[in-house]
Amino acid sequence: MEIDKTLRALSEKCPDSILERADRHGTAEITVAAQSFHKVMETLYGLGFDMLSDVVGIDRMPRTPRFDVVYLLMSMGDFSRLAVRLEAAEGQDVPSVSGIW
């Protein structure tokens with residue numbers, strides 16, 4: 001799976017959902033808008049990211065919004081990896097992805 005092709009398809013299906021894109025230590029990473037987060041995750045599953053390997057919370061105090069929640073996804077077909085970052089304020093609910101994976 002070519003990550004650029006996947007992210008183009010994601011951008012077509014979920015316009016304006018990717019706020020930032022980076023490559024960190026060989027893993028593509030996107031920051032996603034909170035209002036489209038669940039739709040992005042469903043779309044990524046449909047695009048072949050069929051494994052959620054980790055969910056990590058990062059406290060960025062004193063930054064606002066204070067928290068990052070990072071979801072590490074993998075395609076079992078070709079072992080492509082993608083990190084999806086969601087910024088969350090203190091007390092903000094983060095949508096569950098348990099219905100997807």
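Where is the place of Thr31? In this predicted model, Thr31 has its place in strand S2, which covers residues 27-32. Thr31 is buried, because its relative accessible area is 6%, and a residue counts as buried when that value is under 20%. Once neighbours within four places in sequence are left aside, the residues in contact with Thr31 are Ser17, Ile18, Leu19, Glu20, Arg85 and Glu87.

**Ser17 and its surroundings**

Ser17, one of the contacts of Thr31, belongs to the loop between helix H1 (3-13) and strand S1 (18-24). Ser17 is likewise classed as buried, with a relative accessible area of 0%. A polar atom of the Ser17 side chain lies 2.6 Å from the backbone oxygen of Cys14. Leaving aside neighbours within four places in sequence, Ser17 is in contact with Thr31, Val32, Ala33, Ser36 and Val40.

**Salt bridges**

Side chains of opposite charge can pair when their charged atoms come close. In this model the count comes to ten salt bridges, and the table gives some of them, with the separation of nitrogen and oxygen.

| Salt bridge | N to O distance |
|---|---|
| Arg24 and Glu20 | 4.0 Å |
| Asp68 and Arg63 | 2.6 Å |
| Arg66 and Glu90 | 3.2 Å |

In the pair of Arg24 and Glu20, Arg24 counts as partly exposed at 39% relative accessibility, and Glu20 counts as partly exposed at 44%.

What parts of the chain does the salt bridge between Arg66 and Glu90 tie together? Arg66 forms this salt bridge with Glu90 at 3.2 Å between the closest N and O atoms. Arg66 lies in the loop between S3 and S4, while Glu90 lies in the segment after S5, so the pair ties together parts that are 24 residues apart in sequence. Arg66 is partly exposed, with a relative accessible area of 21%, and Glu90 is exposed, with a relative accessible area of 58%. Salt bridges that share partners also join Glu20, Arg24, Glu29, Arg60, Arg63, Asp68, Arg85 and Glu87 into one network. Among the members of this network are Glu20, Arg85 and Glu87, which are also among the residues in contact with Thr31.

**Aromatic pairs**

The structure holds two aromatic pairs. Phe37 and Tyr71 form a tilted pair, with 5.1 Å from centre to centre and 45° between the planes. This pair links distant parts of the chain, since Phe37 is in helix H2 (residues 37-46) and Tyr71 is in strand S4 (residues 67-74), 34 residues apart. Both Phe37 and Tyr71 are buried.

Tyr45 and Trp101 form an edge-to-face pair, at 5.9 Å from centre to centre and with 80° between the planes. Tyr45 lies in helix H2 and Trp101 in the segment after strand S5 (81-88), so this pair ties together parts that are 56 residues apart in sequence. Tyr45 counts as partly exposed at 39% relative accessibility, and Trp101 counts as partly exposed at 27%.

**Pro95 in the segment after S5**

Which residues does Pro95 touch, not counting residues up to four places away in sequence? Pro95 is found in the segment after S5 and touches Phe37, His38, Tyr71 and Leu86, so that its contacts include both members of the tilted aromatic pair. Pro95 is partly exposed, with a relative accessible area of 33%. Pro95 and Ala34 are 61 residues apart in sequence, and their C-alpha atoms are 8.9 Å apart in space.

Met51, Met76 and Phe79 make a nonpolar surface patch of about 290 Å². Of these residues, Met51 is found in strand S3, which covers residues 51-59. Met51 counts as partly exposed because its relative accessibility is 31%, and patches are made of residues with over 30% relative accessible area.

Note on methods
Residues are numbered from 1 along each chain as its sequence is written. This is a predicted model: local features need pLDDT of at least 70, side-chain atom pairs count only at pLDDT 80 or more; totals for chains, interfaces and linings use all residues. Side-chain values use heavy atoms; hydrogens and water are left out. Patches are made of residues with over 30% relative accessible area and no salt bridge: like charges are joined within 9 Å, nonpolar side chains (Val, Leu, Ile, Met, Phe, Trp, Tyr) within 5 Å. Accessible areas come from the Shrake-Rupley method with a 1.4 Å probe; for residues, only the protein chains shown count as cover. A salt bridge is a side-chain nitrogen of Lys or Arg within 4 Å of a carboxyl oxygen of Asp or Glu. Helices (H or I, at least four residues) and strands (E, at least two) are DSSP runs, numbered from the N terminus. Buried means under 20% relative accessible area, exposed over 50%, partly exposed in between (1.4 Å probe, protein chains only). Rings of Phe, Tyr and Trp (its six-membered ring) pair if their centres lie within 6.5 Å; planes under 30 degrees apart count as stacked, over 60 as edge-to-face and the rest as tilted. Contact means heavy atoms within 4.5 Å. A polar contact is a pair of N or O atoms within 3.5 Å; within protein, one must be able to donate a hydrogen and the other to accept it, and residues adjacent in sequence count only if both atoms are side-chain atoms.
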